[in-house]
Amino acid sequence: MAFSTRSLSGHLRQGSASGNAASQSTGQSSALQARINEKKAELENLKELRDLSAAVANQMEALEAKLSTLSDGTEAIATVLGNWHNVLRAINMASAKIPKPREATDDQDDDQAVPLPQTLVRIPTEHAPALQAQADNLENEHNSSTLS
């Protein structure tokens with residue numbers, strides 16, 4: 001009887017062990033499948049993050065270019081504003097040399113004009129059309145880059 005009990009218990013142990021192994025295999029398979037799905041979702045999120053990061057990097061490069069242009073323009077404006085005191089002083093000096101008009105009398109002709117001072121600034125006009133075309137091209141380039 002001990003022999004038959006032993007063989008029966010050994011048979012039961014093998015059956016439960018083989019059943020347990022099959023359930024462990026199924027459990028491991030579903031756990032692996034869940035982990036694979038989790039990693040796929042993580043990969044998709046990483047790809048989306050990479051694309052968004054690239055877009056932000058492109059926007060930052062565009063912003064850097066615009067800030068560089070703004071900085072150059074600011075320096076030019078600072079130079080112009082720095083020269084205004086010289087311009088105003090020159091105008092004041094020239095204004096001091098303008099003769100004051102005398103009180104008009106009835107016997108003086110209105111044709112007699114007050115003499116004007118020497119021209120302070122001379123602007124050559126022979127290059128004006130080329131400069132205007134260049135300014136228009138720069139403005140068009142600026143407008144097209146702002147729209148894109």
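The legends below describe an overall view and close-up views of a predicted model.

**View 1. Overall fold and surface of the predicted protein model.** The protein contains two helices and zero strands, and of its 148 residues 1% count as buried. Its accessible surface comes to about 13,700 Å², and carbon and sulfur atoms account for 59% of that area.

**View 2. A nonpolar surface patch that includes Trp-84.** The side chains to be located in this view are Ile-77, Val-80, Leu-81, Trp-84, Val-87, Leu-88 and Ile-91, which make a nonpolar surface patch of about 670 Å². Trp-84 is found in helix α1, the helix that covers residues 2-96. With a relative accessibility of 42%, Trp-84 counts as partly exposed, because that class lies between the limits of 20% for buried and 50% for exposed residues.

**View 3. The salt bridge between Glu-42 and Lys-39.** Two salt bridges are counted in the model, and one of them joins Glu-42 to Lys-39, with the closest N and O atoms 3.6 Å apart. Both residues lie in helix α1, where Glu-42 and Lys-39 are three residues apart, or about one turn of the helix. Glu-42 is partly exposed at a relative accessible area of 36%, and Lys-39 is likewise partly exposed, with a value of 41%.

**View 4. The salt bridge between Arg-50 and Asp-51.** Here Arg-50 forms a salt bridge with Asp-51, and the closest N and O atoms of the pair are 3.5 Å apart. The separation meets the criterion for a salt bridge because a side-chain nitrogen of Lys or Arg has to lie within 4 Å of a carboxyl oxygen of Asp or Glu. Arg-50 is exposed, its relative accessible area being 53%, whereas Asp-51 is partly exposed, with a relative accessible area of 46%.

Definitions and conventions. Residues are numbered from 1 along each chain as its sequence is written. This is a predicted model: local features need pLDDT of at least 70, side-chain atom pairs count only at pLDDT 80 or more; totals for chains, interfaces and linings use all residues. Side-chain values use heavy atoms; hydrogens and water are left out. Helices (H or I, at least four residues) and strands (E, at least two) are DSSP runs, numbered from the N terminus. Buried means under 20% relative accessible area, exposed over 50%, partly exposed in between (1.4 Å probe, protein chains only). Accessible areas come from the Shrake-Rupley method with a 1.4 Å probe; for residues, only the protein chains shown count as cover. Patches are made of residues with over 30% relative accessible area and no salt bridge: like charges are joined within 9 Å, nonpolar side chains (Val, Leu, Ile, Met, Phe, Trp, Tyr) within 5 Å.
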